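I opened this notebook to record what I looked up in one protein model.

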Amino acid sequence: MKPGDGHFGCVLAIVMIFLGLGVTSQSESSLSLPRPRPPEMQEAHRRVKRGWVWNQFFVLEEYTGMDPLYVGKLHSDVDRGDGSIKYVLSGEGAGSIFIIDESTGDIHATKRLDREEQAYYALRAQAVDRLTNKPVEPLSQFIVKIQDINDNEPRFLDGPYLTSIPEMSPVGTSVIQVTATDADDPTYGSSARVVYSILQGQPYFSVEPKTGIIKTALPNMDREAKDRYLLVIQAKDMVGQMGGLSGTTSITVTLSDVNDNPPRFSRRFYQYNVPESLPVASTVAKIKALDDDIGPNAEMEYRIIDGDGLPILQISTDKETQEGIITLQKELDFEKKSSYNLKIEVSNANVDSRFQPLGPFTDTASVRLVVEDVDEAPHFSSPLYRMSVSEAARAGTAIGTVSAHDPDTTNSPVRYSIDRNTDLERYFNIDANTGVITIAKSLDRETNEEHNITVLAMESQNPAQVGRGSVLISLVDVNDNVPEFPMEYETFVCENSNHGKIIQKISAMDKDKPPSGHHFYFSLAPGAGNNLNFTVQDNKDNTASILTRRAGFSRHEQAVYFLPVVIVDNGVPPLSSTNTLTVRVCSCDDHGAAHSCNTEAFAHPAGLSTGALIAILACVLTLLVFVLLIVSLRRRKKGSLVFDEEKDIRENIVRYDDEGGGEEDTEAFDMAALRNLNFIQEVKTRRDVTPEIQLLSRTPRKKSPDNVIFGEFIWERMKNADGDPGAPPYDSLQTYAFEGNGSVAESLSSLESISSASDQNYDYLSDWGPRFKKLADMYGSPKRGANS
């Protein structure tokens, strides 16, 4: 520090005065070193003088002068000032930070010191003889303390701050406490003594100067008016005096919501139009009240407190949107009632009793629902019609009537029809005007006991409006089915059977369904009741037993008995049928088990019946006929490979690559010449060729000796094919890769026709028109060709 700095000089003077007073007292109590003295003096003077004199052991921090800072002076009373004593300094910072004058003992600081980095240094000092380098004083330790100056401002280490308080909080509500720290020495002076003040945030908040506690300063702070405040707090050291350092921080205070606002409807009257066709449980309207609060404080409840729409309408709250949802509970009918009035009340779901004096936390509004007329489909008088009819009823019989009407005010006429998807067999018809349902064709309860059909009712003026009704038609049973055996009974009787032995128990079945249940009666057929072999005993429980009427049977005399049984039902009128029971005579053991029955093995009822045997024989005969048919067809097809010379079998090859005659230029090719080379076919004439050309083409054919070889080759291959067992029985194409030794038609080439030696005259080609111009130029005389 420069001597000219008044402030620093004043502080230094105060420190020196304090140190001077302290040194005096300290020298009295410091450790003194023993020295040799006369004995009389030792007895006269008990107090020992100190061997060290301390002028200074404090040093100010942050010294910025150009010269080293003087710290203090070491001096020993041994030192006579002749330079024989040398002072040595050691310890923390010696030689680097602190240096000492060996002769005078003055200590200086060579570097700028910061108390906040290190508050003191421990050093050791010693006085030695300069010549002998021996200590003349014992080694002593002292402390150099760095004296603090106000060079650090207060800091808010936890800032900036964010906090929240409820709105409408009373005055003096604690908001938050802030704390600033100062790195200066709190034990020395006022450098670290901080006071707090508010720079921004008044008049809403205040701060206690010493503690930093922030409190509300105004009542009734409304979140709905302002929900956030920014405060700036200052901390200043030196107890806030001038010259002190300061630091600031910010605090964001958010007002949390309380339920201090009631819900309110934006209007007192609402009107909605609703079509009468709206289905049940549909949303009719949505109504919403406004609440300035948020969160749970804005949750509302709606209810209908009055009105004529209470029976068919209800209201609920949408928890997400806080809307009142009006839904339909019953169907609307414009023709019955065209409008509904409701009085709806809304209230807060969560009410804070502290704010009840602010007013009622409810509100009401009127809602009017206007029902709009819609062209509706015809309505049936009943959702389901039940009808019944006898299954024996004839076609055209009326079963019942359905009725539908147009619910609109126009009351349009209705026409009826049957949905044929529900009556695929078309058993029923309906009169389009009256709705009378009649039978279209015969019914059978045993096939279908009930018919569920859909009847359509259509408006005459608007066919798009179609109503649907269900009709359930039940068929009443009549006795139209005879009773019969439920299965084909076949039993046996032992040759040694006794009289009255039960050999079989039979029952009956009937497809009819009488109201009182079935009751069957069993008896032998007329004419069989006098037989002496078997009888039928009715058990009165819809079963009967077959009993023997004599003892002893012989299968050699008669092996099979056919017993006709008559079954009568209890219908009105009763129906009957005759069913045959087959009884075989068998040889049995002592226990009644059959061993053999006639020539067939009849060991158990699972043996083949006569009907099964007949079916098997029929299948075998069918297979035999089928095999014979295949063999016959195969022989016929093989025989067809041999062609008669008199047969005219031709295969036509139609050629379309001729430029001359167009579609008429076709010619059938006779294949008989290949099958019989000796057959000379008459030359056919072309319709587009003149007789002159045809005469030129009639050249006699010469019989080639190759015909014999070719014929033998074909006949040999045909015989091989006929005798081949692996050949197919159907028609097949035989290919013979033998061309013979030459051609009967000789050469067909026309290469020599244009030679000069040719004696043919083709001048007539020029007279045939433009289509033969090319041929006329090639084959005609040069003169004719030039003229043409």
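The entries below cover the basis of the model, a sheet, a hairpin, the disulfides, a surface patch and some backbone details.

**Entry 1. Basis**

I noted that this is a predicted model, in which local features need pLDDT of at least 70 and side-chain atom pairs count only at pLDDT 80 or more, while totals for chains, interfaces and linings use all residues. Residues are numbered from 1 along each chain as its sequence is written, and side-chain values use heavy atoms, with hydrogens and water left out.

**Entry 2. An open sheet**

I wrote down the terms before I began. Helices (H or I, at least four residues) and strands (E, at least two) are DSSP runs, numbered from the N terminus. Two strands pair if DSSP finds at least two bridges between them.

In what order do the four strands of the open sheet stand? I found the order β16-β23-β22-β19, with mixed pairing. β16 (269-275) and β19 (300-307) stand at the edges with a single partner strand each, so one side of each is left without a neighbour in the sheet. On average, neighbouring strands of this sheet are turned by 30° against each other, direction ignored; the axes behind such angles are lines fitted to C-alpha atoms, for helices over the stretch in contact, and angles run from 0 to 180 degrees between N-to-C directions.

β19 and strand β22 (residues 339-348) run antiparallel and are joined by seven bridges. R303 has E345 in β22 as its bridge partner.

How many of the 10 residues of β31 are buried? I recorded seven, and strand β31 (residues 450-459) is thus mostly covered.

I looked up two pairings of β31. Strand β28 (residues 414-418) runs antiparallel to β31 and is joined to it by five bridges; R415 has M458 in β31 as its bridge partner. Nine bridges join β31 to strand β32 (residues 466-476), and these two also run antiparallel. I453 is bridged to V471 in β32. A hairpin connects β31 to β32 through six residues.

**Entry 3. Disulfides**

I counted a disulfide as a pair of cysteine sulfur atoms within 2.5 Å. By this rule there are two disulfides.

One is formed by C494 and C588, with their sulfur atoms 2.0 Å apart. This link is left-handed, with -90° about the S-S bond. It joins distant parts of the chain, as C494 is in strand β33 (residues 490-494) and C588 in strand β39 (residues 576-588), 94 residues apart. C494 is buried at a relative accessible area of 6%, and C588 is buried at 16%.

A disulfide also joins C586 to C597, with an S to S distance of 1.5 Å. The link of C586 and C597 is right-handed, with 105° about the S-S bond. C586 is in strand β39 and C597 in the loop between β40 (594-596) and α3, 11 residues apart. Both C586 and C597 are buried.

Which pairing do the bonded cysteines show when numbered in sequence order? I recorded 1-3, 2-4.

**Entry 4. Helix α3**

I616 lies in helix α3 (residues 610-639) and is partly exposed, with a relative accessible area of 43%. L613, I616, V620, L621 and L624 make a nonpolar surface patch of about 440 Å².

**Entry 5. Backbone details**

I found a cis peptide bond from G159 to P160, with omega near -5°. P160 is in the loop between β7 (140-147) and β8 (161-166). V572 and P573 are also joined by a cis peptide bond, with omega about -5°. P573 is in the loop between β38 (560-568) and β39.

M168, a residue other than glycine, has a positive phi near 60°. M168 is in the loop between β8 and β9 (174-177) and is partly exposed at 24% relative accessibility. Q322 also has a positive phi, near 60°. Q322 lies in the loop between β20 (313-317) and β21 (324-328). Is Q322 buried or exposed? I noted that Q322 counts as buried, at 12% relative accessibility.

Notes: Patch = residues over 30% accessible without salt bridge, like charges linked within 9 Å, V, L, I, M, F, W, Y side chains within 5 Å. Areas by Shrake-Rupley, 256 points an atom, 1.4 Å probe, with all protein chains shown as cover. Salt bridge = Lys/Arg side-chain N within 4 Å of Asp/Glu carboxyl O. Buried < 20%, exposed > 50% of the residue type's maximum accessible area, 1.4 Å probe, protein only.
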